[in-house]
Amino acid sequence: MIYDLIALSGPLRETSSIERNALGWISDAAGGSVLGHWHTEIGELGRVLILRGFHTTEQLARERYRAAEDRDPFHGNGLVRAITQDSYRAFPFLPAVEPRAYGGIYEFRTYFLKPGGLPPTLDGWREAIGPAKEYTDHLVINMIALDGPRRITHIWGFETIQQRFDLRRQHYAAGLWPPKGGPEQIDHATSTIALAGKGSPLC
């Protein structure tokens, strides 16, 4: 599975319209499926995030061309000020994203890696996933960027922000998290909290 993470930026009070219009535009796609859609609450505000899955890079490429050649991509209607689309593949030992109710609060964490940092990052995560299951059961996916800077993006789902804080604190104290050798590979990182949109398969 190849993943496309779309970010649409616009006025704070128009994210619902941006999200609705974008999903309508995506419904005309020849391939791929919407796995989740959100609006940002903490971090860079005024953004709508949409995660799509594709079976082949050819399907993804066709959708990229469709967006590039459209005079009004994602039916922005003048509201969308910026569009980014990032391509990813999942960590090889993680299952594909499936619809699931996590609680509605999602964290998107992106780690920009130092050169050569991906192999030890993968090793650490592979070893940590099982022992930290109480925490990693909240992991939606961790993905390797296929374009742009060296980075990984992982998505987590929680019922509350406090649940997220408590789980991380408990697993740090027990030495189960973070994955061994992982933090040393990070050059810099970002984190965004987003709320699931109405009807999102990941909710």
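Biologist: Phe108, buried or exposed?

Modeller: Buried. This is a predicted model, and in it Phe108 has a relative accessible area of 6%. That is under 20%, so Phe108 counts as buried.

Biologist: And Trp38, buried or exposed?

Modeller: Trp38 is buried too, with a relative accessible area of 0%.

Biologist: How many aromatic pairs are there?

Modeller: The count comes to 11 aromatic pairs. Trp38 and Phe108 form an edge-to-face pair, because their planes stand at 80°, and the ring centres are 5.0 Å apart.

Biologist: Which strands hold those two?

Modeller: Trp38 lies in strand 2 and Phe108 in strand 5. The pair therefore ties together parts that are 70 residues apart in sequence.

Biologist: Which rings form a cluster?

Modeller: Phe91, Phe93, Trp125, Tyr135, Trp156 and Trp177, linked by ring pairs.

Biologist: What lies over the face of Trp25?

Modeller: Arg66, at 3.6 Å from the ring centre.

Biologist: New topic, the fold. In what order do the strands close into a barrel?

Modeller: Eight strands, in the order 1-3-2-8-5-7-6-4, with antiparallel pairing. From one strand to the next, the twist averages 35°.

Biologist: What does helix 2 touch?

Modeller: Helix 2, residues 57–69, packs on the sheet and touches strand 1, strand 3 and strand 4. Its direction makes about 180° with that of strand 4.

Biologist: And which strands does helix 5 lie across?

Modeller: Strand 5, strand 7 and strand 8. Helix 5 covers residues 161–173 and runs at about 50° to strand 5.

Biologist: Back to strand 2. How many bridges pair strand 2 with strand 3?

Modeller: Six bridges, in the antiparallel sense. Strand 2 spans residues 33–42 and strand 3 spans residues 47–54.

Biologist: Now the backbone. Where is the cis peptide bond?

Modeller: Between Trp177 and Pro178, with omega about 5°. Pro178 sits in the loop between helix 5 and strand 8. Most peptide bonds are trans.

Biologist: What about phi at Phe74 and Asn77?

Modeller: Phe74 has a phi near 60°, and Asn77 has one near 50°. Both values are positive, in residues other than glycine. Most residues other than glycine have a negative phi.

Biologist: Where are they found?

Modeller: Phe74 is in the loop between helix 2 and strand 4, and Asn77 is in that loop too.

Biologist: Is each one buried or exposed?

Modeller: Phe74 is buried, at 1% relative accessibility. Asn77 is exposed, with a relative accessible area of 51%. The cut-off for exposed is over 50%, so Asn77 passes.

Notes:
Residues numbered from 1 in each chain as written. Predicted model: local features only at pLDDT ≥ 70, side-chain atom pairs only at ≥ 80, totals over all residues. Heavy atoms only, no water. Pairing = 2+ DSSP bridges. Helix = DSSP H or I, 4+ residues; strand = E, 2+ residues; numbered from the N terminus. Axes fitted to C-alpha atoms, helices over the stretch in contact; angles between N-to-C directions. Contact = heavy atoms within 4.5 Å. Phe/Tyr/Trp six-rings, centres within 6.5 Å; stacked < 30°, edge-to-face > 60°. Buried < 20%, exposed > 50% of the residue type's maximum accessible area, 1.4 Å probe, protein only. Lys NZ or Arg CZ within 6 Å of the ring centre and 35° of its normal.
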